[in-house]
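Visitor: Before we go through the model, please tell me what each term rests on.
Guide: Ask as we go along.

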Amino acid sequence: MLFNALKAVLQPSVFLYNFIGVITGMFIGTLPGLSATMGVALLTPLTFWLEPTQGLAMLLGVYNSSIWAGGISAILVNTPGTPASIAQTFDGYKMTQQGKIGLALGANTIFSVIGGLFSTFVLIVAAFPIARFALRFGPPEYFALAIFGLSMMISVSGKEVVKGLVIGILGLIISTIGLDPMFSVQRFTFGNINLMQGVSFIPIMIGMFGIGEILYQIIERKKDKRIIKDTKDLGRILPTVEEWKRCAPATLISSIISVIIGAIPGTGGDIASIVCWQQAKQISKHPEEFGEGSIEGLAAASLANNGVIGGTMTTMMTLGLPGDSVTAILIGSLMMYGLQPGPQLFVSNPDFVYNIMALLIVANLTVLIIGLLSAKVSSYILKVDPEIIWIIVILFCIIGSYALNNSLFDVVIMLVSGLLGFVFRKLEVPLGPFILALLLGPIAESNFRRSLALSSGDYSIFVTRPISIVLFILAIISLTYGSIKKAMNKRTIEA
Amino acid sequence: MIKRSRLLVILALALSVMLAITACTGGDTGEDNVEPEEQQEAEDVGVEYPEDQITMIIQAAPGGLSDTVARTVAQELQNDLGVPVVSVNKTGAAGAVAMSFLQGSNPDGYTIGYVPVELSMVKALGFANDVEPDAYTLLGRSNISPATITVRADAPWDTVEEFLEYSKENPGKVKVGNSGTGSIWHIAAASVEEATGAKFNHVPFDGAAPAIAALMGSHVDAVTVSVSEVKSGVDSGELKVLGVLDEEKSPFFPDVPTLAEKGYDITVAAWGGFAAPKNLPKEVEDVLIPAIEKAIQSEALKKIAEERAFTVAYQNGEDFYKFAKDQFDFYMKMIPEMDIN
Amino acid sequence: MLNGDIIFGIITSLIGISWIFMSRGFPAGTADGVPGPGYFPIILGVALIIMSVVLIIKGIKIKKIYFNVKEWPKENIKIFLFTILSVVIFMVLWIKVSYILASIVMLFSLGCFYKIKPMKNIIIAICFSFGTYWLFNNVFHVMLKLR
């Protein structure tokens with residue numbers, strides 16, 4: 001079946017539209033503020049004139065490549081191009097500073113494609129079981145998942161655990177701004193309508209990472225020394241056999257986690273990449289390198305955000321439910337072609353289902369080729385004077401945060417976050433816990449209270465369901481694991 | 001040293017201002033300057049309304065029903081009027097951010113917007129005091145989709161009576177998912193309670209899709225969201241609709257009874273239409289309202305309505321205003337009584 | 001000089017206190033035990049205060065100075081402040097006049113201050129201002145025209 005589908009897909013026109021999609025996605029993904037959602041929304045009207053296979057070739061190309069390309073700006077200028085590439089700034093940008101630009105860009109491409117292909121494979125062999133499993137996530141499970149995610153605050157804090165917790169809780173506090181998720185009461189909005197939906201996350205991210213980094217570079221600028229190591233060439237792009245071996249455990253664990261997180265409706269690449277980064281750190285032989293330019297960390301994060309695509313597609317195609325905002329639009333375009341996503345799609349249009357899977361494979365392979373070829377071009381950006389990069393990044397941060405929702409308020413949020421980001425960097429406050437809290441805080445709170453609404457106030461709902469128990473145990477392990485390891489390290493140092 | 005750099009900056013500023021001015025008057029960005037002239041023209045001469053790009057403000061994120069309807073109508077308008085009609089999404093506060101923005105825009109016909117049922121609700125909910133039907137020139141209603149009572153296909157209830165009977169016997173036991181406290185589908189469930197004497201346990205979700213997912217995953221027992229939102233789940237055999245909260249049967253579920261047939265007079269529906277800021281010049285209205293009607297009655301929207309299971313229900317500006325005003329008065333009375341805080 | 005940890009701790013604990021204070025006005029939870037809107041903010045406020053106190057105590061012990069402004073090169077501080085100023089000017093010009101003007105002014109004056117060669121600077125300012133305007137306004141349909 002799949003072989004026939006591949007044959008149907010292997011046409012020059014399909015390749016052409018796929019190529020257009022990938023190039024557009026690369027562009028959109030690299031620019032902070034322009035998300036995969038926007039890319040897909042932008043190209044959707046164009047697909048009305050195309051055959052279903054051609055149209056989806058373009059849309060899936062944009063989807064895959066914009067998530068992948070978000071990592072490029074994370075690696076080169078420390079500004080995540082999409083929220084899903086936050087975790088790539090942890091190690092990717094450090095690698096750039098160490099002069100391993102080529103390797104960082106190469107790893108981003110290669111592991112993104114591995115994630116994409118693996119999740120497509122899961123979609124092919126196990127779409128229905130995975131989707132059924134994802135449906136078992138009710139409010140208590142979402143709460144447990146959020147707690148599991150939040151338990152990583154400590155390990156993403158690096159050496160500054162106290163500061164990490166302070167900033168993490170501050171993030172949770174900020175995430176309570178807006179309309180109460182259960183009661184329709186406005187909290188801490190000070191009567192400002194723009195705050196009712198809460199403080200938007202993407203402007204904060206763009207400001208803290210983009211503007212914050214530039215302000216930091218300005219203050220730290222030395223007359224003749226550049227922040228980023230001057231390199232004549234970008235170095236090798238492909239990892240060595242040794243590095244491949246090192247990344248193997250991270251690859252495996254991230255592949256599995258990201259597909260599942262992708263399949264759960266409402267959770268996406270941003271959460272997946274942080275969770276995978278952390279899990280890869282826990283099983284790594286060199287956890288101390290994480291956050292300092294570890295190729296394993298970059299591999300896990302790069303893999304995770306593309307790995308969710310197969311998961312979201314699984315939920316979309318088997319249940320007809322959008323796993324994230326991109327698949328919400330894809331559902332619309334499928335309907336436009338008269339194809340209703342859901343289990344009946346597999347019965348009434350099995351050819352088309354296989355076409356989609358084949359298209360996902362083609363999209364990933366295109367990303368691989370373009371990614372490796374373009375690594376050279378992307379890294380030219382570093383031969384440009386840093387001052388010019390500053391100017392351009394400032395402009396794109398402003399326009400990107402505005403473009404998100406055509407909101408000047410978001411620009412102000414972005415600029416304030418930029419200043420704060422600078423202050424936090426000078427104070428050596430880690431940003432990871434803050435970002436984590438902003439992402440997971442609303443999920444934790446609303447699902448905690450929603451669970452109690454379901455159980456009429458009975459707290460046992462959290463511990464009587466298998467998935468939530470497992471997640472809580474994982475949270476406890478990830479909380480204590482670090483301190484046990486630290487204690488052991490101390491003992492070895494003392495001894 | 002300091003003097004030199006200061007001089008440099010002043011020079012820089014002066015030069016860039018000059019550059020920008022020449023660029024603006026000369027080049028393709030003449031748009032920036034054209035607008036005031038144009039407005040005058042529209043007022044003085046009263047002709048040539050659409051000669052520049054029209055912006056369509058959409059209150060929801062891309063991909064949803066509102067977005068699809070608004071973008072389709074925008075495309076049809078563009079074909080009809082011969083100027084670009086550009087869709088802009090501006091989300092937040094149940095659409096109040098976009099509607100507030102639209103209300104404060106220039107009434108020149110170059111900014112129009114999609115207005116959903118929340119137009120009649122957000123003031124009662126206390127989200128925005130400047131959003132109500134009276135604050136706009138309503139151009140035409142486009143679509144309507146009534147609420148349903150939907151359960152899982154394997155649920156023990158096969159008729160709406162059985163469902164209501166069970167809810168009455170077990171007050172507060174039936175978990176009914178809605179799309180958020182104070183949302184239209186919460187109101188739907190509350191109206192059912194009020195009319196039938198049943199008592200539900202309301203569980204708000206962040207939108208209709210998560211509520212449906214929770215229903216499929218057996219975390220809630222029923223949802224009260226619209227026909228268009230449950231259609232795909234029903235087609236795939238996961239869900240069944242027990243009743244429709246409308247006066248007439250839904251063409252998409254011809255076998256499902258309405259609650260009116262069962263003796264409960266409840267109609268709750270999500271609807272949408274198009275609006276412009278208040279005090280739209282008459283000449284602009286004369287162009288825009290027929291164009292909107294043509295776009296709403298177009299084949300393209302009909303086709304989408306078929307796919308997405310909503311009804312194209314055109315009303316002209318005047319009727320739409322009356323309809324929205326009626327709804328507004330109803331929700332202004334109903335929402336404070338609901339005790340949702 | 002100022003001790004960063006202590007000041008940071010004081011500010012965050014003030015935020016915690018104000019959050020608790022503001023949450024007191026929120027309605028209580030429902031009768032069947034669903035926590036009200038104030039539940040989380042109050043817990044978080046308390047947690048933030050506790051952690052801030054820990055941070056302050058740590059700060060007193062370590063006495064590390066993060067913001068040694070005197071050690072920063074004067075030139076860099078000037079550029080820093082100017083960068084912020086020109087972004088503010090950009091916003092004002094964007095809102096009051098137009099995006100293109102605002103962008104050219106900001107890019108050009110930043111370029112002068114960052115000592116980019118004049119010719120290069122002019123080219124960058126013009127290309128990027130018009131380029132981004134065209135791209136975002138015409139391709140991405142972003143409302144860059146504010147009036």
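**Terms and values**

Guide: The centres of domain 1 of chain B and domain 2 of chain B, taken over C-alpha atoms, are 28 Å apart. This is a predicted model, in which local features need pLDDT of at least 70 and side-chain atom pairs count only at pLDDT 80 or more, while totals for chains, interfaces and linings use all residues. Residues are numbered from 1 along each chain as its sequence is written, and chains are lettered from A in the order in which they are written.

Visitor: What makes domain 1 and domain 2 of chain B domains?
Guide: Their bounds come from an automatic or database domain assignment, which gives 51–144 + 269–338 for domain 1 and 148–244 for domain 2 of chain B.

Visitor: How many residues does each domain of chain B bring to the contact?
Guide: Domain 1 gives ten and domain 2 gives eight; contact means C-beta atoms, placed from the backbone, within 7 Å.

Visitor: Why are E7 and E9 of chain B said to stand at the edges?
Guide: In chain B, five strands (DSSP E runs of at least two residues) form an open sheet in the order E7-E6-E8-E5-E9. Strands pair if DSSP finds at least two bridges between them. E7(B) and E9(B) each have a single partner strand, so one side of each is left without a neighbour in the sheet.

Notes
Helix = DSSP H or I, 4+ residues; strand = E, 2+ residues; numbered from the N terminus. Contact = placed C-beta atoms within 7 Å.
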